[in-house]
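Dear colleague,

I am passing on the structure we spoke about, followed by notes on what turned up in it. Please read the notes with the coordinates open beside you.

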Amino acid sequence: MPGFTKDYRGPQRPHTSPASRYDDPRGGRASALERNILRYRAVEVTLYLFYADRVTDFMMSNVYPRAKKAPDAPFWEPLEEERLTNLLSRVLLDAETRKLVSVEDAEGLQQALASEYSRGRKMKQAFGYAIKIGMFSQAEANELQTLMSYRNDIAHRIHHVMSDVTRTSWNIDSLSFKAPAYKAEALDRLRRYNKTLDRRAEGKLITYLSMDRIVFELAEQVYENELERLDATIRKLVEVEAERSRAIKAEMDLRGTELVGDLAPGFPPNRRPGQTFRDDYIPPTGHLTARGGEICYRLFDLGKSPVAVAYLMHITLRSAERRRKGWLRAGGLDRTRAEVQRYDMGNGRRMAREA
């Protein structure tokens with residue numbers, strides 16, 4: 001039952017207007033789909049923290065005491081952690097040889113590396129012994145280490161886990177450089193390991209009964225049921241959003257209408273440009289010009305909905321709804337159309353106004 005993520009692949013979408021911080025005409029008002037995805041993740045991370053702590057408690061209570069008594073117990077080192085430790089040691093040695101750092105700084109950094117290396121030493125020793133007695137394979141131990149690292153993202157960097165559920169243009173731009181920390185299938189994988197811990201230890205270890213699972217039993221049952229309910233709700237809302245998207249795309253097709261070329265909704269003269277006052281540049285406000293307002297009204301003449309107009313004109317949904325009210329006050333389909341300045345698409349020069 002993996003979670004859902006928002007996908008921002010493909011060409012960058014335009015902002016709703018030059019002055020807007022959102023890429024969606026609805027602005028910062030979350031949709032039902034987004035609200036339920038965030039609810040799903042809130043429940044998901046609660047279960048994840050419990051399962052991750054249960055793995056840690058099982059390894060420290062049942063496996064580590066046996067590993068400490070075994071003098072020949074191997075010391076497990078995660079592959080990625082081992083690679084980074086060796087890389088940092090080589091970089092530090094090279095910097096010291098080339099006199100880029102002082103001897104005192106080099107010793108201080110070496111001590112910091114040693115302290116970082118010794119952190120979690122008991123857990124590594126427990127995993128090494130678990131691999132030796134056949135509880136886990138090397139690949140399974142590395143996978144569990146990755147899952148436990150994700151637990152640290154949840155506990156200390158929850159904003160990165162939720163970062164893909166957004167509408168702010170800055171955050172969307174940053175996602176093209178740094179992927180969100182959210183791992184959709186991590187809970188399913190960690191849950192499977194939790195269910196098999198006792199079976200894996202059969203005939204290899206004498207395990208102690210933990211009351212944690214009993215204490216959390218009702219909450220776990222409620223949360224697991226809530227995940228199933230939210231999963232079904234989200235799947236239905238995904239279909240609703242897909243249908244909404246198809247309907248909007250169909251409305252945005254202006255082929256066969258007059259609103260193409262220099263009358264297209266996105267034509268630059270339809271909105272106020274930036275201005276220069278002395279040495280200061282004043283950026284565009286995103287407001288429509290009188291010409292842009294008329295183009296907006298002509299979209300309503302064609303029967304376009306406010307949301308389609310918002311996407312076509314790159315304005316907010318609220319602005320499009322206000323424009324529609326103005327269109328109705330002007331008479332709607334019976335209004336007198338205003339003349340607009342025409343432009344030559346070849347050279348960009350102004351032409352005569354409409355007749």
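Which residues do ring pairs link into a cluster? The cluster is made of Phe50, Tyr51, Phe216 and Tyr223.

Before the details, please note that this is a predicted model, in which local features need pLDDT of at least 70 and side-chain atom pairs count only at pLDDT 80 or more, whereas totals for chains, interfaces and linings use all residues. Residues are numbered from 1 along each chain as its sequence is written, and side-chain values use heavy atoms, with hydrogens and water left out.

Aromatic rings

Rings of Phe, Tyr and Trp (for Trp the six-membered ring) are taken as a pair if their centres lie within 6.5 Å, and are called stacked with planes under 30 degrees apart, edge-to-face over 60 and tilted for the rest. Searching the whole structure in this way gives eight aromatic pairs. One of them joins Phe50 and Tyr51 in a tilted arrangement, with 5.7 Å from centre to centre and 55° between the planes. Phe50 counts as buried at a relative accessible area of 13%, and Tyr51 is buried too, at 2%, where buried means under 20% relative accessible area, exposed over 50% and partly exposed in between (1.4 Å probe, protein chains only).

Phe300 and Trp327 form another tilted pair, at 5.7 Å centre to centre and 35° between the planes. Phe300 belongs to helix 11 (residues 290–301) and Trp327 to helix 13 (residues 317–329), so this pair ties together parts that are 27 residues apart in sequence; helices are DSSP runs (H or I, at least four residues), numbered from the N terminus. Both Phe300 and Trp327 are buried.

Helix 13 has 13 residues and reaches 19 Å from its first C-alpha to its last, close to the expected 18 Å, the expectation being 1.5 Å times one less than the number of residues. Its buried residues are Leu317, Ala320, Gly326 and Trp327, and what covers them includes helix 11 and helix 12 (306–313), contact meaning heavy atoms within 4.5 Å. In the loop between helix 12 and helix 13 lies His314, a residue other than glycine whose phi is positive, near 60°. Most residues other than glycine have a negative phi. Just after helix 13, Gly331 also takes a positive phi, of about 115°.

Asn62

Asn62 lies in helix 1 (residues 32–69) and is buried, at 4% relative accessibility. Leaving aside neighbours within four places in sequence, Asn62 is in contact with Leu205, Ile206, Thr207 and Tyr208, and its side chain reaches the backbone nitrogen of Tyr208 at 2.8 Å.

Salt bridges

With a salt bridge taken as a side-chain nitrogen of Lys or Arg within 4 Å of a carboxyl oxygen of Asp or Glu, the count comes to 23. Among them, Glu140 and Arg200 meet at 3.1 Å, N to O, and this pair links distant parts of the chain, Glu140 being in helix 5 (residues 138–156) and Arg200 in helix 8 (residues 186–201), 60 residues apart. Glu140 is partly exposed at 24% relative accessibility, whereas Arg200 is buried at 13%. Glu220 and Arg213 also form a salt bridge, at 2.7 Å, in which Glu220 is buried at 9% and Arg213 is partly exposed at 31%. Finally, Glu258, Glu294, Arg298, Asp301, Arg335 and Arg337 are linked in a network of salt bridges.

Methods
Helices (H or I, at least four residues) and strands (E, at least two) are DSSP runs, numbered from the N terminus. A polar contact is a pair of N or O atoms within 3.5 Å; within protein, one must be able to donate a hydrogen and the other to accept it, and residues adjacent in sequence count only if both atoms are side-chain atoms.
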